[in-house]
Amino acid sequence: MEIIRGLPNIRERHEGCVATIGTFDGVHLGHKQLLTSTKKRAVEFNTQSLLVTFEPQPREYFRGSRVPARLTRFREKVALFDQEGIDQVLCIPFNERTSSIHAQAVIEQFFVRMLSIRHLVVGDDFRFGSNAEGDFDMLKTAGKRHGFGVDQIPTLELDGKRVSSTLIREVLARGDLNLASKLLGRRYFMMGTVVKGRQIGKTLGVPTANIRLQRYRSAIEGIFAVTVQGLGRDLRGSAYVGTRPTIQGTDPLLEVHLFDFDRDLYGSRLKITFLKKFRDDRAFGSIEELQEQMFQDLSDIRTWFDSHDETRTVLV
């Protein structure tokens, strides 16, 4: 899969594609339905499939730290797009200039002049352009004029509910990882590089690999049973996601303790898959109280793993 970073890097080989566009936060079952339709159309036209997305996500640009929790970082999205068989991903910086482009200009300058698209696939709630003035009807009218087709993919429902990033955030916030897996079509995971921390876990007898979340807010927080990939074999462990209120932390962090593993992990790129939530994050009255709870968490999670042999093979 090719990643195209910004409009200046569009080349002649990217023209004549079948495209889809959106933020795709979570890359859930509804998104996968859109990607499948895009791939099918690309096969019909004997051309490449192109996914257009934005960084930061438009909501993040407009709302900053008040934005809803992000489900997936760009690197995580790319890994999922690749799994779905998308040929090319065009990432456009979202900024003041991007946000002010009118819908007709998006169509004529971007879809027609720059990409010469053969076909466009969008969701039934897709809006575009300054003040979200563009819609499906505008695209259909423009397609007839410029010679490209447009498909509108209906919303996917599961058990009577619309599959959406908003719903998945709500489900994850209450710790229902099984329902989140159904909505996503996979287990929820995070990816990141291990960085040097304050060594507090090691001091307390529970060494952890620290990973910066690189998002304003995390969709989950608390203590979890996890599996970890990226070290040559799948490993089991516990994970903490939160701000570490007992030691007056402020930035959200992911800390992972690997069971029966002792190796320097700095710089390692890991994928952490969340299987079960054990408790919420909270502040403790002392470091000693925190340490006692950490050992209890590890015992509880090990016991759970021992009674759930199916977690040896994790859906990812």
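Student: How many bridges join strand S5 to S6?
Tutor: Strand S5 (residues 119–123) is joined to S6 by five bridges, and the two strands run parallel. Two strands are said to pair if DSSP finds at least two bridges between them. Helices (H or I, at least four residues) and strands (E, at least two) are DSSP runs, numbered from the N terminus.

Student: Before we go on, what kind of model is this?
Tutor: It is a predicted model, in which local features need pLDDT of at least 70 and side-chain atom pairs count only at pLDDT 80 or more, while totals for chains, interfaces and linings use all residues. Residues are numbered from 1 along each chain as its sequence is written, and side-chain values use heavy atoms, with hydrogens and water left out.

Student: Back to the strands. In what order do the six strands of the open sheet come?
Tutor: The order is S1-S4-S3-S2-S5-S6, and the pairing is parallel. Strand S1 (2–5) and strand S6 (149–153) are the edge strands, each pairing on one side only. From one strand to the next, the twist averages 25 degrees.

Student: Which strands does helix H3 touch?
Tutor: Helix H3 (residues 74–83) packs on the sheet and touches S1, strand S3 (49–55) and strand S4 (88–93). The direction of H3 makes about 170 degrees with that of S3. Helix H6 (residues 136–146) also packs on the sheet, where it touches S5 and S6, and its direction makes about 160 degrees with that of S6. Contact here means heavy atoms within 4.5 Å. Axes are lines fitted to C-alpha atoms, for helices over the stretch in contact, and angles run from 0 to 180 degrees between N-to-C directions.

Student: At what angle do the axes of H5 and H6 cross?
Tutor: The axes of helix H5 (residues 103–114) and H6 cross at roughly 45 degrees and come within 11 Å. The two helices are therefore oblique to each other. Angles under 35 degrees count as roughly parallel, over 145 as roughly antiparallel, 65 to 115 as roughly perpendicular and the rest as oblique. The contact involves Ala103, Gln104, Ile107, Glu108, Phe111 and Val112 of H5 together with Met138, Leu139, Ala142, Arg145 and His146 of H6. These residues divide into seven nonpolar, two polar and two charged. Ala, Val, Leu, Ile, Met, Phe, Trp, Tyr, Cys and Pro count as nonpolar, Asp, Glu, Lys and Arg as charged, and the others, Gly among them, as polar.

Student: And H7 with H8, at what angle do their axes cross?
Tutor: For helix H7 (residues 165–173) and helix H8 (residues 177–184), the axes come within 8 Å and cross at roughly 160 degrees. H7 and H8 are therefore roughly antiparallel to each other. In H7, the residues Leu167, Ile168, Val171 and Leu172 meet Leu177, Leu179, Ala180, Leu183 and Leu184 in H8. This contact divides into nine nonpolar, no polar and no charged residues.

Student: Which residues of H7 are buried?
Tutor: They are Ser165, Leu167, Ile168, Arg169, Val171 and Leu172. Buried means under 20% relative accessible area, exposed over 50%, and partly exposed in between (1.4 Å probe, protein chains only). The cover over them includes H1, helix H2 (58–63), strand S8 (161–162) and H8.

Student: New topic: where is Thr23 found?
Tutor: Thr23 lies in the loop between strand S2 (18–21) and helix H1 (29–44). Thr23 is partly exposed, with a relative accessible area of 29%. Leaving aside residues up to four places away in sequence, Thr23 touches Thr53, Gln57, Pro58 and Lys77.

Student: Last one: which strands run around the closed barrel?
Tutor: The closed barrel has six strands in the order S9-S10-S13-S12-S11-S14, with antiparallel pairing. Its twist averages 45 degrees from one strand to the next. Strand S9 (residues 189–195) and strand S10 (residues 209–212) are joined by two bridges, and Val194 stands opposite Ile211 in S10. Helix H10 (residues 287–306) lies across strand S11 (222–229), S12, S13 and strand S14 (269–279), running at about 95 degrees to S14.
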